[in-house]
Amino acid sequence: MAIKTVIRQVNEHVGETVVIGSWLNNKRSSGKIQFLQLRDGTGYIQAVVVKNEVSEETWNAAKSLTQESSLYVTGVIREEPRSKSGYEMTVTGLEIIHLTEDYPITPKEHGVDFLMDHRHLWLRSSKQRAIMVIRAEIIRAVQQFFDQNGFTLVDPPILTPTSAEGTTNLFHTKYFDEDAYLTQSGQLYMEAAAMALGKVYSFGPTFRAEKSKTRRHLIEFWMIEPEMAFTDHEESLVIQENFVTHVVRSVLTNCRAELETLERDISKLENIQAPFPRITYDEAIEYLHTQGFDIPWGEDFGAPHETAIAERYDKPVFITHYPAAIKAFYMKPDPNRPEVVLCADMIAPEGYGEIIGGSQRIDDPELMEDRFREHNLSPETYQWYLDLRKYGSVPHSGFGLGLERTVAWICGLDHVRETIPFPRMLYRLYP
Ligand code: 4AD
Ligand code: MG
């Protein structure tokens with residue numbers, strides 16, 4: 001009896017007869033031998049069918065296989081140093097499950113729109129598979145880092161009565177007789193959780209109805225949001241750089257083959273080691289002026305500005321102390337200079353832009369009430385948030401890492417659309 005296994009585990013079955021459920025990726029033939037390139041989601045293997053060694057039925061079945069046909073293949077696993085995986089299978093039997101006709105994605109080049117329309121099939125390609133494996137590894141490493149550093153996982157709600165990051169890009173929905181919005185960030189709730197549990201983090205989907213059609217923006221994206229009681233801005237930066245270092249190291253250790261599939265320049269990732277450089281918003285503005293940008297103090301950075309700043313470093317860089325006026329209402333002003341806030345954006349190298357936004361939070365109830373007024377936020381809706389400052393307020397800080405931008409950077413992709421299984425974008429809701 002053949003042992004049922006998967007391609008990733010064939011190394012445990014050298015010399016044995018195994019059966020593997022798989023799809024035909026590609027095929028070539030040289031008269032009396034057919035070479036089947038098979039995939040099963042866990043990896044790729046070449047299965048060799050020799051005319052003289054199999055029944056006529058098996059030979060003909062192999063011959064009839066088309067791209068993406070599904071089959072159970074039975075055979076003996078051999079070590080094969082010339083193959084990329086190190087193993088090959090000598091086929092003894094073959095059972096076709098389903099013969100595919102006219103698979104739309106062929107080895108020729110397809111346009112992006114065509115591929116996005118066929119995203120449900122495109123996911124099967126080796127490059128897309130590699131991205132999904134790395135995405136999963138990043139999520140695993142994120143959870144490992146926070147679990148090992150004394151954080152508790154907390155899930156903030158998805159349906160909310162308020163905005164966390166500004167009111168212009170909220171997704172509205174009816175909530176029975178009330179109005180509700182899909183969450184833009186779990187932060188405000190994570191602040192409540194930090195006052196209950198000390199150090200917390202969340203991992204979940206967030207939604208922004210942003211009319212931006214850029215390579216960095218998704219409508220639905222996933223965020224990791226740690227929040228820490230008794231932690232100031234500087235302490236938060238140290239956690240952030242150690243966190244990102246850990247994630248990159250984990251991918252380098254556990255996803256070599258996938259990085260190779262993506263032809264990622266590994267040396268660029270090997271440079272990523274805490275501490276990361278820090279510059280203030282003022283220094284960034286000054287530098288941009290030397291580079292011919294005429295951006296005035298007080299204006300937010302766009303992608304070209306971020307890229308110009310990031311190009312000076314081979315690691316992520318923190319830009320700190322932005323003007324209060326261009327940042328969220330909850331950020332704590334710098335006590336020495338109240339027109340700027342204790343915040344930082346982490347800008348990834350190689351032009352990938354902002355991957356983390358974070359800050360120390362206002363802990364003074366009066367100042368928070370002033371901010372509500374300045375930002376036209378209704379005191380009733382935010383009463384609970386004010387309570388956090390009224391009952392045992394403490395210095396606290398937190399940040400949000402955008403998963404998809406991090407995947408794009410680590411994988412070396414030029415657009416976030418490939419970093420998530422089914423991207424939601426400005427003009428795309430299908431499939
Ligand atoms: O800088 P943002 O807006 O920060 C917050 O939401 C804070 N409340 C986080 C916190 O302190 N808990 O978003 C954080 C990160 C960005 O740095 C970026 O990586 C990602 O989320 N992000 C997006 N990713 C993809 N598509 C979009 N439209 C994104 N908007 C933000
Ligand atoms: Mg931001």
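**Notes on the predicted model**

1. Let's start with a charged pair: Asp282 and Arg337 meet through their side chains in a salt bridge, 2.9 Å from N to O. A salt bridge here is a side-chain nitrogen of Lys or Arg within 4 Å of a carboxyl oxygen of Asp or Glu. This pair links distant parts of the chain, with Asp282 in helix α9 (residues 281–290) and Arg337 in strand β16 (residues 337–341), 55 residues apart. Asp282 is partly exposed at 23% relative accessible area, and Arg337 is partly exposed at 29%. The cut-offs are under 20% for buried, over 50% for exposed and partly exposed in between (1.4 Å probe, protein chains only). Helices (H or I, at least four residues) and strands (E, at least two) are DSSP runs, numbered from the N terminus.

2. A word on ground rules: this is a predicted model, where local features need pLDDT of at least 70 and side-chain atom pairs count only at pLDDT 80 or more, while totals for chains, interfaces and linings use all residues. Residues are numbered from 1 along each chain as its sequence is written, chains are lettered from A and ligands numbered from 1 in the order in which they are written, and side-chain values use heavy atoms, leaving out hydrogens and water.

3. As for the overall picture, the protein has 13 helices and 19 strands. Its C-alpha trace spans about 85 × 55 × 40 Å along the principal axes. Of its 431 residues, 51% count as buried.

4. Back to charges: the salt-bridge count comes to 26. Glu306 pairs with Arg216, with the closest N and O atoms 2.9 Å apart. Lys268 and Asp265 form another salt bridge, at 3.4 Å; Lys268 is partly exposed at 36%, and Asp265 is partly exposed at 35%.

5. Now for ligand 1. It has 22 residues around it, and Glu165, Gln187, Glu210, Glu225 and Glu354 come nearest (a residue is near if one of its heavy atoms lies within 4 Å). A side-chain N or O atom of Glu165 is 2.6 Å from a nitrogen atom of ligand 1. Glu210 has a polar side-chain atom 2.8 Å from a ligand 1 nitrogen, and for Tyr330 that distance is 3.3 Å. The protein covers 94% of the 620 Å² of accessible area that ligand 1 has on its own (areas by the Shrake-Rupley method with a 1.4 Å probe).

6. Some backbone spots to look at. The peptide bond from Ala274 to Pro275 is cis, with omega near 0°, and Pro275 is in the loop between α8 (266–270) and β13 (278–280). Tyr430 and Pro431 are also joined by a cis peptide bond, with omega about -5°. Glu68 has a phi near 75°, positive in a residue other than glycine, and is buried at 5% relative accessible area. Glu263 has a positive phi of about 55° but is exposed at 71%.

7. Finally, helix α6 (residues 233–254). How far apart are its end C-alpha atoms? They are 32 Å apart, which agrees with the 32 Å that its 22 residues should span at 1.5 Å a residue (1.5 Å times one less than the number of residues).

Terms used. Polar contact = N/O pair within 3.5 Å; in protein donor to acceptor, adjacent residues only side chain to side chain.
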